[in-house]
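Trainee: I would like to learn how to read a structure like this one. Where do we begin?

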Amino acid sequence: MKQALTELIYRVVAEEFGEDVIKDVSFTVSYPPKPDMGDYSTNVAMVVAQKLKLNPKDVAGRLVESLKVHQVESESLERVEALGGFVNFTLKSEIWFKEVLEAVSSEQSAFGTSQSSSPEKIMVEYLSPNTNKPLHLGHLRNGVTGVATINALAAQGHAVTKVGIINDRGVHICKAMLAYSRWGDGSTPESTGKKPDHFVGDWYVRFAQEAVKDPTLETEAQEMLQKWEAGDDQTRELWQTLRQWVLDGWIETEATLGFSYDKPYYESDVYLGGKDLVNQGLSKGVFRKNGKGNVVFDLPELEFGKDEEGNARLITVLRSDGTSLYTTQDLGLAVTRAEEYHLDRLIYIVGSEQRFHFQSLFAILKALGYAWANKLYHLWYGMVYLPDGKMKSREGTVVDADDLVTQMIDLARQEIIDRANRTNGKDVANNRIEEVEIERRAKIIALGAIKFYLLKQKPTVDIHFDPKESISFEGHTGPYCQYAYARAKSIERSAESRIKNQVVRDPEGSGDPRRESRIKYELLGDTEERILLQKLESFPEVVSRAAEEYNPALIATHVFETAQAFNSFYTSHPVLQAETTELMSARLRMVDVSAQVIKNGLALLGIEAPEEM
RNA sequence: GCACCCGUAGCUCAUUUGGAUAGAGUGCUUGGCUUCGAACCAAGAGGUAGCAGGUUCAAAUCCUGCCGGGUGCACCA
């Protein structure tokens, strides 16, 4: 509809003011802020007026007159009027509602997806934890942001590969190993009954505690790393054991949260990569050796500025002793991935504190002359702060992912039971829900709450984790959206049984009054319905904007607003009790389509929509 | 010191990329369950959009300068 209106406006302005004027002027077609202003609005009069140095109101007036002539040919317009320089359109509901509702009905779960004119092969790296501890709240934010971004990109028709880089080597890994070998006394996750990643994480915390008392432990950890790198059997065996414990623990957590990789990369496999690349770059003159013998890269001044002495800032890509660095490894990995998968685009989802690293990395890859280097993107997100400050694993001041999920499920379970027991004028006995069903719903609701909480604000802002707000099931939350869906489904179930039992009849004869040809869209069009329709209609546009801007929060906001509009419609418009069967059918279509859009939106966010809750 | 991010209602955040009277949630004050599920709806109070300038028909949005909070600044990852 937006496109049709845009074309109409274009034509009318061209007629009134000439082709040249409209050609180099950009105007918007959008929803007006208040529903009584109309269904659509354009600022074209104001931009044209500016261009031609005319009064915006006069221009708007002329356009409205001209549009009224076109109204005869454009059957979709009910009313056109000028208001404060804007031109506002009111559409005929039998056209507008029909168009939107039938589009959703026919596309179903595909509504919201589109086929990019230039589909790309995209790789997204996300999650990427260290194998010395369990996942925490920061990983959760990374994971849900990753999943939602991946889904949004895939919805644009891109082929997306999900990868992670598992940090399973380094001195921090050795610290956990050292503590375990020193004090572990042969205990295992099984013998202690701990989840294996937590078991290892506890040893890592123990190391930090002991190292405060005994600083020689730090050097011992360094020595262990050297033994590991030298391939010492005993060290490698210990490493394998602890590493596997952590990986086993994660699998459980990731399965619950819906995180997965098409291909996990392990640092232990790739950390030596990139050296050849650096040597090639050195001979090509992209890199140089500095006084200390390190191979360095001079960062472009345009982008990075100069250091205090006025020289280009530099970054080391290989140590003088030939050992590699984070940057070395990431260079090698990027090239390997791009070649292996023929990538058009590579996206890294990593916290904001690593912006410098990725800026440098991308600058180097560009200097090395890779075509795809221009399509590298670091999707960074803000820190997660706890009420008493930043999370630090070493100090144990983290919100553990498993703990949070467990707590939320407990709360959700209690909530379900309480609500089922609430009489509400209904027979309590009939509200008894099977144990397994309670568990299933509790999990869906709890995860919906956590994921939505982390996704509802744009990635760039820091999150100040508020336990009270995060555990809420009411208001601007995931469960609010899920509830709107469950209510819609509840109506549909009732309708289903009424039609089956012939409580309602198709006035035009036998059959189902919900059939497409029976629906009288002109019966729709109340304010609540129009607001809801705007939300339904604009969903695909929001999804593609979210993908373009790497901002899943746009989807979260839109799903919430759709649920809000639906709830408002729900209370003001009885469906099954509608005055006529025709009206019931039309509203039922509204309900059906709303549910579908909410479900699709939640799915993009990695949140399940429960039929009942 | 330099660079980047953030600053909007008591609190947590939106604001369709420069548009109409800056909106939600939460908390507070009210009203609504014998009618499709009250995890809901409706109403009220709550604002110098950090501060000061500038650009223009129009600025929370763009520019400049300050203030406050955060992150980063090769040879850790």
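Mentor: We begin with a definition: two strands pair if DSSP finds at least two bridges between them. Helices (H or I, at least four residues) and strands (E, at least two) are DSSP runs, numbered from the N terminus. Here, Arg 288 stands opposite Val 296 in β9. The strands β8 and β9 (residues 295–298) pair in the antiparallel sense over two bridges.

Trainee: What kind of model is this, and how are its parts numbered?

Mentor: This is a predicted model, in which local features need pLDDT of at least 70 and side-chain atom pairs count only at pLDDT 80 or more, while totals for chains, interfaces and linings use all residues. Residues are numbered from 1 along each chain as its sequence is written, and chains are lettered from A and ligands numbered from 1 in the order in which they are written.

Trainee: What is the order of the strands in the open sheet of five?

Mentor: The order is β7-β6-β5-β11-β12, and the pairing is parallel. At the edges are β7 (263–266) and β12 (376–379), each pairing on one side only. On average, neighbouring strands of this sheet are turned by 25 degrees against each other, direction ignored. Within it, four bridges join β5 (residues 121–125) to β11 (residues 345–349), and Glu 125 has Tyr 348 in β11 as its bridge partner.

Trainee: How many residues lie between the strands in the hairpin of β3 and β4?

Mentor: There are two, and Gly 84 in this hairpin takes a positive phi near 55 degrees. Strands β3 (residues 77–83) and β4 (residues 86–91) pair in the antiparallel sense over six bridges. Ala 82 has Val 87 in β4 as its bridge partner.

Trainee: How do I read the angle between two helices?

Mentor: Axes are lines fitted to C-alpha atoms, for helices over the stretch in contact, and angles run from 0 to 180 degrees between N-to-C directions. Angles under 35 degrees count as roughly parallel, over 145 as roughly antiparallel, 65 to 115 as roughly perpendicular and the rest as oblique. The axes of α22 and α23 (residues 581–604) come within 9 Å and cross at roughly 155 degrees, and these helices are therefore roughly antiparallel to each other. For α5 (residues 93–107) and α21 (residues 527–549), the axes come within 10 Å and cross at roughly 50 degrees, so α5 and α21 are oblique to each other.

Trainee: Which residues come nearest to RNA strand B?

Mentor: A residue is near a molecule or strand if its C-beta atom, placed from the backbone, lies within 6 Å of it. Of the 81 residues around RNA strand B, the nearest are Ser 41, Phe 356, Gly 475, Tyr 483 and Ser 490. Helix α20 gives the largest share of this surface, eight residues.

Trainee: How are the domains of chain A laid out?

Mentor: Domain bounds come from an automatic or database domain assignment. For chain A it gives domain 1 (2–91), domain 2 (171–268), domain 3 (275–323) and domain 4 (401–604). The C-alpha centres of domain 3 and domain 4 lie 55 Å apart.
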